[in-house]
Amino acid sequence: MRHHCTLGALATVALLSLACADQPAAPNTDVAGLTTTAFQAWGPETPQFNLEVVLRGDGFGLVKFRQPNDGETVVHLDTWVRDLAPSHSYRLQRAVDTVIDGVCTSASGWLTLGQGLTPYAIETDATGTGRAALWRAVPPTPGAVFDIHFRVIDDATGAVVLQSECYQYTISL
């Protein structure tokens, strides 16, 4: 009987280990019918290769700042805003600071983000919520560190409606 309990315990541990694995056993299919894996290989979190940027001000926003661990130097900026003016256009901007001290002092040098080098607007719906899948190539200097902060501006007036704290970012391989 003791032998069966030990085998049962080992089988349970093996099943739990598989359930907690980082990679799925089989690919998933996304809404477009393309085969993908459930988890993409994103760079490690320490140092800060990926960020969750919180935007505060006249509303609220979040930027998922992700650089896939694929040898490319492209950062994905999945942006979401809410509680802004309905049916309106906004732009996400960033400024970097090469003095690495956790304090973003750059008041100029704001770059409007988009899809590659093309600026792209965040359009809000009738409730003041908007989403945009933005991306940008970063310099191919793996390990380079800089302070970075973000803001959302009104596309018509240029007024700042949301802004972030200062974050430190490291370019991944």
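Author: Arg 66 is buried, since its relative accessible area is 17%, where buried means under 20%, exposed over 50% and partly exposed in between (1.4 Å probe, protein chains only). Its place is in strand S4, which covers residues 60–66; strands (E, at least two residues) and helices (H or I, at least four) are DSSP runs numbered from the N terminus. A polar atom of the Arg 66 side chain lies 2.9 Å from the backbone oxygen of Leu 51. Such a polar contact is a pair of N or O atoms within 3.5 Å; within protein, one must be able to donate a hydrogen and the other to accept it, and residues adjacent in sequence count only if both atoms are side-chain atoms.

The model is predicted: local features need pLDDT of at least 70, side-chain atom pairs count only at pLDDT 80 or more, and totals for chains, interfaces and linings use all residues. Residues are numbered from 1 along each chain as its sequence is written, and side-chain values use heavy atoms, with hydrogens and water left out.

Thr 157, by contrast, counts as exposed because its relative accessibility is 60%. Thr 157 is found in the loop between S12 and strand S13 (160–163). Its side chain reaches the backbone nitrogen of Ala 159 at 3.2 Å. Thr 157 and Tyr 90 are 67 residues apart in sequence, yet 9.7 Å separates them in space, C-alpha to C-alpha.

In the protein chain as a whole, there are one helix and 14 strands. Of its 173 residues, 34% are buried. Among contacts (heavy atoms within 4.5 Å) between residues at least 6 apart in sequence, 60% join residues at least 24 apart.

The largest pocket has a volume of about 200 Å³. Thirteen residues line this pocket, and the closest to its centre are Arg 94, Arg 136, Val 138, Pro 139 and Phe 146. Two or more lining residues come from each of strands S5 (74–82), S6 (89–97), S11 (130–137) and S12 (145–154), and S12 gives the most, with three. A pocket here is an open set of points on a 1 Å grid over the protein atoms alone where a 1.4 Å probe fits, with protein on both sides within 12 Å along at least five of seven lines; lining residues have an atom within 4 Å of a point. Grid points are joined across faces, edges and corners, and the volume is the space filled by probe spheres set on the points.
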